[in-house]
Amino acid sequence: MAKFLFFITVFNTFFGFSQTVSTVAGTTSGYLDGSVNIAQFKDPLGICTDNNGNIFVADRSNNRIRKIDASGTNMVTTIAGSGVEGYADGIGTSAIFGAPTGICIDALGNLYVTDFWNFKIRKITPTGVVTTLAGSTQGFANGNGTAAQFDYLEQICIDALGNLYVADAGNSKIRKITPSGTVTTVAGTTSGYLDGVGTIAKFDYPNGICIDGNNNLYVAEYFSHKIRKITPTGVVSTVAGSTWGFTNGQSTTAQFRYPTGIGRDTSGNLYVTDSGNNMIRKITLSGMVSTYTGSENNGYLDGSLNNALFSNPWAIHIKNNVIYVSEGGSDKIRKITSNLSSENFESDNFKLFPNPTTGAFTIEVPNTTISKVSIYDVLGRMVFTENTNSSFSYTFQNKFLNKGMYKIVVTTEKGSFTKSLLVN
């Protein structure tokens with residue numbers, strides 16, 4: 001037993017989910033493809049990942065879309081954009097962008113980019129073909145494809161059906177674009193601050209945007225320093241935030257300073273890039289706002305959540321409860337690993353046995369349905385994953401696991417939970 005506890009201590013110290021901040025890629029400001037420890041970005045903003053763990057970045061001031069490879073090569077490459085500011089559809093680096101700001105990806109691997117100075121939504125296929133999905137000249141108009149108009153587009157997200165939602169900051173609106181390119185207004189009217197329904201509500205430069213599994217939208221609002229929620233029926237409410245400043249606390253007593261990005265974990269907690277405060281803030285389901293990592297000190301430092309420093313963190317993307325942050329002040333892509341646990345769940349209810357094991361084991365999570373089980377090795381690599389629909393119990397019978405320590409990650413309707421497993 002003492003040996004087992006020692007292994008767990010070492011594993012939890014070095015395993016990727018130990019809640020630390022690290023640099024994924026980027027050095028000094030500039031433009032350079034290559035390995036992650038020499039690559040350069042210039043004002044990286046939008047960020048997303050695919051199912052293989054590759055990271056895509058809207059490299060705004062370089063007018064390019066960059067890729068950080070996850071296959072083991074640790075290389076940064078340019079997949080689209082010539083570097084010249086302008087507008088042209090085309091293939092790969094023959095295409096031209098005007099300050100791309102937001103990026104998201106669909107189930108087929110197509111990327112969608114908000115092209116700030118061109119007032120358009122651009123699409124990049126997996127083969128690098130760049131086209132214009134929607135937008136024309138600066139202005140406001142709903143319609144199909146290039147008949148629609150936008151004004152200073154910021155970040156973008158996508159739902160399970162392939163509908164895009166974009167923060168049309170210049171128009172103070174949230175817009176929806178169907179896969180066929182039809183543009184409508186979800187919420188917002190003139191610039192200001194007002195909760196309400198649909199076009200009755202007001203926003204003041206909406207910036208970050210994300211969506212949950214129930215199609216609720218969450219918006220980080222730059223100039224009103226608030227986090228807003230939009231239900232599928234268009235009801236707009238304030239989740240958190242009040243006046244400009246910094247205060248942790250409950251809901252609308254909390255303060256933000258120019259929030260720019262927003263993401264959601266599998267337990268429903270929201271994470272906000274509070275750019276003016278150089279922090280990542282967390283909002284629980286109950287509306288409690290806290291500082292997840294970073295401080296009011298502008299700087300750059302990797303390390304524990306308590307010690308890490310950020311400089312103008314901008315966009316945030318959460319995949320498998322790992323948080324990715326684009327950082328405009330240091331021109332880097334940062335990563336925050338998580339313990340994958342839910343504060344609303346009693347860990348004693350999560351049973352994993354036998355442990356240690358020779359390979360087979362059973363998971364029990366009472367009063368919930370297990371939707372997915374994943375196994376990670378000591379280096380943080382996924383060695384097994386399976387979608388399931390098991391009612392509170394799941395048995396792993398494949399005995400291919402080598403001897404060593406593993407993390408078992410269980411996804412349920414109540415959130416994602418993790419335990420260590422020793423195979424001997």
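Reader: Let's start with Tyr258: what is its relative accessible area?

Author: You're looking at a predicted model, where local features need pLDDT of at least 70 and side-chain atom pairs count only at pLDDT 80 or more, while totals for chains, interfaces and linings use all residues. Residues are numbered from 1 along each chain as its sequence is written, and side-chain values use heavy atoms, with hydrogens and water left out. Buried means under 20% relative accessible area, exposed means over 50%, and partly exposed is in between (1.4 Å probe, protein chains only). Tyr258 counts as partly exposed, because its relative accessible area is 28%.

Reader: How many aromatic pairs does a search of the whole structure find?

Author: Rings of Phe, Tyr and Trp (its six-membered ring) pair if their centres lie within 6.5 Å; planes under 30 degrees apart are stacked, over 60 edge-to-face, and the rest tilted. Searching the whole structure that way, the number of aromatic pairs is 13.

Reader: What is the angle between the planes of Tyr205 and Phe223?

Author: These two rings are 5.5 Å apart, centre to centre, and count as edge-to-face. They link distant parts of the chain, 18 residues apart: Tyr205 is in the loop between strands 17 and 18, and Phe223 in the loop between strands 19 and 20. (Strands are DSSP runs of E, at least two residues, numbered from the N terminus.) The angle between the Tyr205 and Phe223 planes is 70°.

Reader: Which residue does Arg122 meet in a salt bridge?

Author: A salt bridge needs a side-chain nitrogen of Lys or Arg within 4 Å of a carboxyl oxygen of Asp or Glu. Arg122 is buried, because its relative accessibility is 0%. Its charge also lies over the face of Phe97, 4.7 Å from the ring centre (the rule asks for NZ of Lys or CZ of Arg within 6 Å of the centre and within 35 degrees of the ring normal). The salt-bridge partner of Arg122, at 3.0 Å from N to O, is Asp89.

Reader: Over which ring does the charged end of Arg334 sit?

Author: Arg334 is buried at 0% relative accessible area, and so is Glu327 at 0%. Their side chains meet in a salt bridge of 2.6 Å, N to O. The ring under the charged end of Arg334, with its centre 4.7 Å away, is that of Phe310.

Reader: Last one: which side chain does Thr49 join through a polar contact?

Author: Thr49 lies in strand 3 and is buried, because its relative accessible area is 4%. A polar contact is a pair of N or O atoms within 3.5 Å; within protein, one must be able to donate a hydrogen and the other to accept it, and residues adjacent in sequence count only if both atoms are side-chain atoms. At 2.9 Å, the polar contact joins the side chain of Thr49 to that of His317.

Methods. Helices (H or I, at least four residues) and strands (E, at least two) are DSSP runs, numbered from the N terminus.
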